[in-house]
Amino acid sequence: MEEMEEELKCPVCGSFYREPIILPCSHNLCQACARNILVQTPESESPQSRRASGSGVSDYDYLDLDKMSLYSEADSGYGSYGGFASAPTTPCQKSPNGVRVFPPAMPPPATHLSPALAPVPRNSCITCPQCHRSLILDDRGLRGFPKNRVLEGVIDRYQQSKAAALKCQLCEKAPKEATVMCEQCDVFYCDPCRLRCHPPRGPLAKHRLVPPAQGRVSRRLSPRKVSTCTDHELENHSMYCVQCKMPVCYQCLEEGKHSSHEVKALGAMWKLHKSQLSQALNGLSDRAKEAKEFLVQLRNMVQQIQENSVEFEACLVAQCDALIDALNRRKAQLLARVNKEHEHKLKVVRDQISHCTVKLRQTTGLMEYCLEVIKENDPSGFLQISDALIRRVHLTEDQWGKGTLTPRMTTDFDLSLDNSPLLQSIHQLDFVQMKGACLRPPGHSNVPSGDWCLKQDKGKQSAAARFINHLRASSPVPAIPILQLEECCTHNNSATLSWKQPPLSMVPAEGYILELDDGNGGQFREVYVGKETMCTVDGLHFNSTYNARVKAFNKTGVSQYSKTLVLQTSEGCNFETQPAPYSQLVDIKKLLAVAWFAFDPGSAHSDIIFSNDNLTVTCSSYDDRVVLGKTGFSKGVHYWELTVDRYDNHPDPAFGVARMDVMKDVMLGKDDKAWAMYVDNNRSWFMHNNSHTNRTEGGITKGATIGVLLDLNRKTLTFFINDEQQGPIAFENVEGLFFPAVSLNRNVQVTLHTGLPVPDFYSSRASIA
C-alpha cells in the first residue's frame, strides 16, 4: 500500500489530508490548506455582481484567469489572482512540497470560531494546486464544498495499518509505547504521561481506561458521521441527481432545484458506480500485470545484450587477430563501433525501464487507492469521487495501450563481419551492415551529423593487400563511375548525389562505395556501400563545403575513384523550396540564404494537432506537449518567429530549441535536452534542466509575436516579444545540433514563420562586437 500514499497527501501541505473537501474539479484539499490559499478578488468579479449582470450561471464560476505561474529562482509556485490592480501582493510562503501558499488577503476579524469555521474574506477566490483552475466562492465560503468522508476513512485505515505499535500521544520527544487509552479523552498514554496528565482523582477518576488494542477497536467501531446535505445541514442525502452528478436531500427536491433533472435512488446509483469502477479496475489490473511482465522482459534484455556484446566482441577480436599487423588499427575502430552500439542499446532499454517503472508505480498507487475507495460503505461520499476516479482509471489504461509495452530496442547486434570478400584488401575491411547510417538511397529521414561510417586510411596498403591485388591484376575490374551533375543537388543541410556506369563499360559492377570528407578539408570517409546509384546525405553542417567521390567494385576488385564533386551547403536552409541544381552550387554563398522549415509531425507528441502545411500547431491535451522543427542547426545564425493565434485561460507556452531526443510530454526546458523561455500574460522565465532564471516582466496575448535568435557563431540564444528583446541573453555556450521547439497545451495555437533574416539591430551589434 506504500504506492497509494501519494494519493492520500494534500498537494499544499504535503501531509495526510485533514478534513478534506472536494473542489468542483474533483481534486481534494485540507480545509485549513484551502483557507490558506484563498485570494480576495475584485468586487466586479464576485458571484453577486455576476448574477446581477446576468452573466453568472453558477455559484462557483471558473475564472478566465485560471493561471498559475511556474516557480523560478526568485519567485516560484502559484501566483496571485492576476489582471486587476487590486490583486493582492502580500508575500507568500512555501509548503513542504513546493506549492506556494498565500495568506488571507485581509486579516480575519476577531472571532471565537475555530480556524476551519471562521468566515472567509468577502469575494474570495481559490485555485486548485493540481489542475490550476480558479473559482470564486459564494456566500457559503468553504462550507459550500462537500467533505470527502471516503478519503478520511481510507487515510484512517492506512495509518492504522502503518502503526505496528501504538505510541503515546503526549510524549514530547521520542514517543513511548502506549499502555492505556482513555475512552472519554480518546487519548493514548504511556505510564509516565498517564500519572502526570491523567491522575485517577477528581473528575478524571470516572474515566474508563482500556488497553491500547481495545481502544483501537473501539475507534474503528465508532459510528461514522451521517452524510448531510451542504444546503440543508439537518437533512440526510437520500437521492442522486444524474444531471448534477451529486447526492441531494428530500428538501432539495421539495424546493424544486432539480425538478427537471433525472433523480434516482442513492443506493442504486451507489451500486451502479461501484460496479463501473470495479470493471474499469479489471482492465487496468490486466495492464499492470502486463507491465510487470514487460519489466521482467526488459531486465532480461539487459542481461542478453550484455552476453551478446561479449560474444560479439570475442568473435570480432578472434577474426582481427587472425589477420596481419595492419589490421590492429582497424580492430580498435571496429570495437569502438560495437561498444557504441552496446551502450546505445543499454541506454535505450534502461531509459525505458525507468520510464515504465515510474508509470507502473503511479498505476499501482491509483489501483490501491481505488480498491480502498470501493471498500467504503458511504454511498454519497463514494459518488462524489467515483466519476473522477473512473475517468482517471480509463485515462491511465489508455496511456498503457499506446505502444508503451513494446521494447524500443532488440537484443541482437545487427553487425556482421564477412571475411571472404574483405580479405582481398585489408583497406576495405568494414562491417557489411551499419546500424543507423546517415547515408542511404532515396526515401530518407533526418539523422544528426556525425553518424558516419567508419573512417578509413587512404594512405599505405599493407603488404598482404598489395600481394592480393597483384595476383588479381589480370582480372577485369569495373570502370570508373560517372557522376551525373544534373541530378546532384543540395537542400537545407542535405546533399543528394547520383552516378552511373560509363555507357560502353562491359564489366558489371556489383556495388558502389561513396565517400565524403568532413566538410573542412579533412580525410574522406566511406559513407555508403551498396548497389544503388543515388544516395541522400542528411545532417551535414550548414555553410560548409564537402568533397564527394565514388568508386565501383566487383569480386575481382575496386575501380579507381571518379572525379571529385564539390558541394556547398547553405548558410541556413536553401533559399528555394526546391533543391538547387549543381550548376548553382558554386555561387550559392553569394546569395542570401535564410531558413525555411516547418514543424515535424514525425517526431512530435501524439497530442499535437497540425494544420496550415504543418506551420500551425495546437494540442488536444491540457498538459504541455512538445513539437520540433524539421531542420536542425549546428552552425551559423538563425532567426524565426511564432505568432500567437489563440490564447485562452492564460497558459504557459514555451519557445526555444532542443535536441532530437528531448522529452515530449512535459514543458520545454524541464530536462537537460532543451533551452527555452516560457511566458504567460504578465511575465516570462528562462528554463533549462528544470532551472528557472531571469524573471522578466511583460507577457503575451492573442496576436503577439515571439522571436527566437540562435547564434551558433557566438553560441548564444536570445528571445524577443513583439520585436523587443525579452530579458538579457537567455543562454550562452550552446553547442551541438539544435532543432526549433515549442511546448503548448490546448489553450494555445501558434503559427511558425521562417525564411526571416536576422534582425538589423542584432546584425549591427554583432558586427560592432
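Predicted model: local features only at pLDDT ≥ 70, side-chain atom pairs only at ≥ 80, totals over all residues.

Q: How do H8 and H9 run, parallel or antiparallel to each other?
A: The axes of H8, residues 327-374, and H9, residues 379-400, cross at roughly 155 degrees and come within 11 Å. An angle over 145 degrees counts as roughly antiparallel, and H8 and H9 are therefore roughly antiparallel to each other.

Q: Which residues make the contact there?
A: On the H8 side they include Cys356, Leu360, Leu366, Tyr369 and Ile374, while H9 contributes residues including Phe382, Ile385, Leu389, Arg392 and Trp400. Sorted by class, the contact of H8 with H9 has twelve nonpolar, three polar and two charged residues.

Q: Where is the kink in H9 centred?
A: The kink in H9 is centred on Ser386 and amounts to about 40 degrees.

Q: And what span should H9 have, going by its residues?
A: With 22 residues at 1.5 Å a residue, H9 should span 32 Å, and its end C-alpha atoms lie 30 Å apart, which agrees.

Q: Switching to H7, at what angle does it pack with H8?
A: H7, which covers residues 266-321, packs with H8 at an angle of about 165 degrees, and their axes are 9 Å apart. That angle makes H7 roughly antiparallel to H8.

Q: Is that crossing left-handed or right-handed, and what classes of residue are in the contact?
A: H7 passes H8 in a left-handed crossing, and the residues of their contact divide into 29 nonpolar, nine polar and eight charged. H8 passes H9 in a left-handed crossing as well.

Definitions and conventions: Residues numbered from 1 in each chain as written. Heavy atoms only, no water. Axes fitted to C-alpha atoms, helices over the stretch in contact; angles between N-to-C directions. Helix = DSSP H or I, 4+ residues; strand = E, 2+ residues; numbered from the N terminus. Parallel < 35°, antiparallel > 145°, perpendicular 65-115°, else oblique. Left-handed = near helix turned anticlockwise from the far one by under 90°. Contact = heavy atoms within 4.5 Å. Nonpolar A, V, L, I, M, F, W, Y, C, P; charged D, E, K, R; others polar. Expected span 1.5 Å × (residues − 1). Bend = angle between axes of the 7 residues up to and from the residue.
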